[in-house]
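Open the structure in your viewer and keep the selection panel at hand. This tour goes from one selection to the next.

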Amino acid sequence: MTVNSSKRLEDLEAATRIVGAGRRSEWTGPVVNPPVWRASTHLYENTAALAQGPRTNEDGRFFYGRRGAPTQWALADALTALEPGAAGTVLYPSGVAAIAGVMLTLLRPGDVVLITDNAYDPTRSMGKGLLTDMGIEPRFFDPLDLDAYEAAFCDRTRAVLLEAPGSLSMEVCDLPALARIAREKGAVSVLDNTWASPLGFAGLSHGIDVVLMALTKHVGGHSDLMMGSASAGPELYAKLRGRAQQLGNVVSPDDAALALRGLRTLHLRLAHEAQSALEIATWLSKRPEVAQVLCPMLPGAPGHDLWKRDFTGGCGLFSFTFRGGDAAARNRFIDALTLFGIGYSWGGFESLAIPIEPSAYRSNMAWPPAPAAEGDRHGVRLAIGLEAPGDLIADIEQALEAWRGQ
Ligand SMILES: *Cc1c(COP(=O)(O)O)cnc(C)c1O
């Protein structure tokens with residue numbers, strides 16, 4: 001399910017690369033998009049060619065359905081073209097499968113993996129469940145405390161799993177420093193870059209070794225598919241690809257075609273969402289009902305300076321906490337929203353809202369983040385979609401009345 005990058009697009013700007021990426025004429029034929037190649041069996045000319053098949057395990061070569069066909073190759077190739085420094089991209093059936101695929105490539109029984117304390121909860125659960133069951137020890141660290149992070153390494157530490165901004169609490173950490181320290185200690189750094197995508201943060205260029213994404217979110221972009229990816233330089237890419245084949249990871253060509261369709265407008269949707277999110281975050285930050293707005297693009301928010309230094313974009317996902325009130329008031333607010341769906345996931349064209357209680361998923365980081373008053377802990381995560389921001393603000397404004405109990 002993988003293919004090497006095409007080098008010729010590399011020097012162009014992201015918007016231009018997005019239009020051309022993965023569209024090799026040997027895959028598209030005379031049309032714009034690669035057809036949906038639904039295929040398990042690949043046929044050979046004769047028995048001599050059949051015998052040759054297993055000997056050439058290369059990208060972009062027909063063999064058998066599990067290694068994909070041009071629809072999946074085009075998507076992998078396009079994602080590689082968007083990640084400067086990547087030699088290739090492996091596709092997985094979900095974002096969680098991508099995280100598992102990367103962990104099962106890098107780690108052996110007896111190893112230690114450092115996992116950021118503000119990781120996506122299923123990532124945390126994978127550390128405490130799957131990895132622990134396999135004799136791999138997860139250690140959770142506060143990514144904002146570089147000294148504690150450095151002290152957490154031992155001679156069995158093989159990998160570090162990073163995510164920025166943090167899940168739900170949305171703080172941005174010093175990714176280049178965390179990656180540099182991992183390298184000095186001989187560990188492989190892995191970044192869950194679902195929030196920013198390579199358009200907002202070029203992971204490999206900042207010293208990260210493996211960059212993964214839940215394509216389910218912004219790349220799909222329309223809330224109708226699940227998929228994950230991992231991109232890396234030549235050596236790690238070859239290892240990831242080999243392990244993915246052993247694990248039998250495969251994505252459907254229909255989903256790959258949908259992901260390619262989503263990808264072509266990724267930059268437009270991200271820019272719109274990020275702009276709307278900043279407008280809404282700014283409005284919220286002036287409201288008396290709101291204690292903290294946790295949005296990396298908002299000046300003064302936790303990690304904003306690092307976001308500004310290292311990132312080239314954002315997206316519509318951010319959180320805020322109420323000033324006082326209780327969980328019931330917070331839930332009244334969410335239930336009163338009319339333009340926001342209530343649901344997990346994000347990155348689609350539609351806005352979503354969920355209640356958040358990050359303290360249930362932390363062992364080393366405080367919630368709410370400093371400087372917060374103890375009672376200001378009931379949070380909401382908003383995923384801003386493509387609606388007009390003024391309409392979303394008006395909806396939030398009327399829902400704040402429900403929070404106040406009116
Ligand atoms: C959604 C998400 C995942 C998991 O993706 P799935 O496709 O739902 O398995 C991983 N990391 C982050 C940051 C996510 O938001």
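Begin with the largest pocket, whose volume is about 760 Å³. The model is a predicted one. Show the ligand now: the space it takes is this largest pocket.

Select the lining of the largest pocket, 38 residues in total. Tyr120, Ser167, Lys217, Trp346 and Arg381 lie nearest the centre of the pocket. Colour the lining by class: 22 residues are nonpolar, 8 polar and 8 charged.

**The ligand shell**

Now select the residues around the ligand. Pick Ser94, Gly95 and Val96, then Tyr120, Glu163, Asp192 and Thr194.

Zoom in on Lys217. One of its polar side-chain atoms lies 2.5 Å from a ligand oxygen. Move to Asp192: an N or O atom of its side chain is 2.6 Å from a nitrogen atom of the ligand. Val96 is the next stop. Here a backbone N or O atom lies 2.9 Å from an oxygen atom of the ligand.

Finish with the surface on. On its own, the ligand has 380 Å² of accessible area, and the protein covers 91% of that.

Definitions and conventions:
Residues are numbered from 1 along each chain as its sequence is written. This is a predicted model: local features need pLDDT of at least 70, side-chain atom pairs count only at pLDDT 80 or more; totals for chains, interfaces and linings use all residues. Side-chain values use heavy atoms; hydrogens and water are left out. A residue is near a molecule or strand if one of its heavy atoms lies within 4 Å of it. A polar contact is a pair of N or O atoms within 3.5 Å; within protein, one must be able to donate a hydrogen and the other to accept it, and residues adjacent in sequence count only if both atoms are side-chain atoms. Accessible areas come from the Shrake-Rupley method with a 1.4 Å probe; for residues, only the protein chains shown count as cover. On a 1 Å grid over the protein atoms alone, a cavity is a set of points where a 1.4 Å probe fits but cannot get out, and a pocket is an open set with protein on both sides within 12 Å along at least five of seven lines; lining residues have an atom within 4 Å of a point. A molecule sits in a cavity or pocket if more than half of its atoms lie within 2 Å of its grid points. Grid points are joined across faces, edges and corners, and a volume is the space filled by probe spheres set on the points. Ala, Val, Leu, Ile, Met, Phe, Trp, Tyr, Cys and Pro count as nonpolar, Asp, Glu, Lys and Arg as charged, and the others, Gly among them, as polar.
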